[in-house]
Amino acid sequence: MYKSILLASDGSDYSFRAAKEALKFAGEDSVVTVLSVLETEAVKYDFLQDEPGEKDIKEKHIKVLQPITELYDSNNVNYQLRLESGKPIRKVVAIANEGTYDVVVIGSRGLNAFQEMMLGSVSHQVTKKSKIPVVIVK
């Protein structure tokens with residue numbers, strides 16, 4: 001069991017699978033930090049299109065994570081939400097390496113070999129740059 005788990009989530013199906021897998025690593029004394037990073041450009045686009053305030057963007061962000069929070073509530077998991085903005089790879093790696101987490105759990109994007117070679121995936125980059133163990137869930 002890990003005491004401090006960082007779950008990197010973007011609200012996708014892969015993130016939900018990763019959240020379910022993180023349940024296997026969490027004990028009674030564990031805390032799962034559900035990290036979601038809004039890409040800076042996406043935040044700017046939403047702001048220019050809908051003209052929402054910062055509060056509206058945060059509420060949308062929290063709503064995307066609702067399936068995970070409901071899963072953790074129903075399983076009595078201690079968790080906290082951490083909402084950030086920036087480049088997902090950089091943010092996840094920086095937060096993973098700050099020294100407060102035991103493991104990162106992250107979903108795979110399901111890229112094929114060519115796409116991953118050309119683009120790289122967030123999960124692949126986090127695995128390469130993280131100083132702590134990373135569990136990638138398909």
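What pLDDT does the chain average, and what share of the residues score at least 70? In this predicted model, the chain averages a pLDDT of 84, and 80% of the residues score at least 70.

**Figure 1. Overview of the chain and its secondary structure.** The secondary structure of the predicted model comes to seven helices and five strands, and from the N terminus on these elements run in the order β-α-β-α-α-α-β-α-β-α-α-β. The chain has 138 residues, of which 35% count as buried. Among the contacts with a separation of 6 or more, 77% are made by residues 24 or more positions apart. Over residues 114-119 the pLDDT stays under 50, and for this stretch the model has four contacts beyond four places in sequence. Where pLDDT is low, the predicted coordinates should not be read in detail.

**Figure 2. The largest nonpolar core.** This core has 16 residues, and the members that touch the most other members are I5, L7, V32, V34, Y72 and V105. At least two residues each are supplied by β1, α1, β2 (26-39), α4 (66-74) and β4 (103-107). Apart from this core lies another, of 13 residues, which includes V92, Y101, V104 and I132. As a general background to such views, nonpolar side chains in soluble globular proteins tend to be buried together.

**Figure 3. Surroundings of Y72.** With a relative accessibility of 1%, Y72 counts as buried, because the cut-off for that class is under 20%. Not counting residues up to four places away in sequence, Y72 touches L7, A19, A22, L23, V32, V34, V77 and Y79. Y79, which is one of these contacts, is partly exposed, with a relative accessible area of 25%.

Figure 4. The model has two aromatic pairs. Y2 itself is partly exposed, at a relative accessible area of 28%. The rings of Y72 and Y79 have their centres 5.9 Å apart, and their planes are at 55 degrees, so this pair is tilted. In a further ring arrangement, R17 lies over the face of Y14, at 4.7 Å from the ring centre.

Figure 5. Within α4, the residues I68, T69, L71 and Y72 are buried. Seen down the helix axis, the buried residues of α4 fall within an arc of 155 degrees, so they line one face of the helix. N76 lies in the loop between α4 and β3, where the residue is exposed, with a relative accessible area of 70%. The phi of N76 is near 55 degrees, a positive value in a residue other than glycine. For background, most residues other than glycine have a negative phi.

Figure 6. S123 is found in helix α7 (residues 122-129), and at a relative accessible area of 5% S123 is buried. Leaving aside neighbours within four places in sequence, S123 is in contact with I106, G107, S108 and I136. The buried residues in α7 are S123, Q125 and V126. When α7 is seen down its axis, these buried residues fall within an arc of 165 degrees, so they line one face of the helix. The elements that the buried residues of α7 pack against are α5 (88-96), β4 and β5 (134-137).

**Figure 7. D13 and R109.** D13 lies in helix α1 and is exposed, with a relative accessible area of 60%. Although D13 and R109 are 96 residues apart along the chain, their C-alpha atoms are separated by 9.3 Å in the model.

Conventions:
Residues are numbered from 1 along each chain as its sequence is written. Side-chain values use heavy atoms; hydrogens and water are left out. Rings of Phe, Tyr and Trp (its six-membered ring) pair if their centres lie within 6.5 Å; planes under 30 degrees apart count as stacked, over 60 as edge-to-face and the rest as tilted. Buried means under 20% relative accessible area, exposed over 50%, partly exposed in between (1.4 Å probe, protein chains only). A charge sits over a ring if NZ of Lys or CZ of Arg is within 6 Å of the ring centre and within 35 degrees of the ring normal. A nonpolar core is a set of buried Ala, Val, Leu, Ile, Met, Phe, Trp, Tyr and Cys residues joined through side-chain atoms within 4.5 Å. Helices (H or I, at least four residues) and strands (E, at least two) are DSSP runs, numbered from the N terminus. Contact means heavy atoms within 4.5 Å. pLDDT is the predictor's confidence in each residue, from 0 to 100. The arc is that of the directions from the helix axis to the C-beta atoms.
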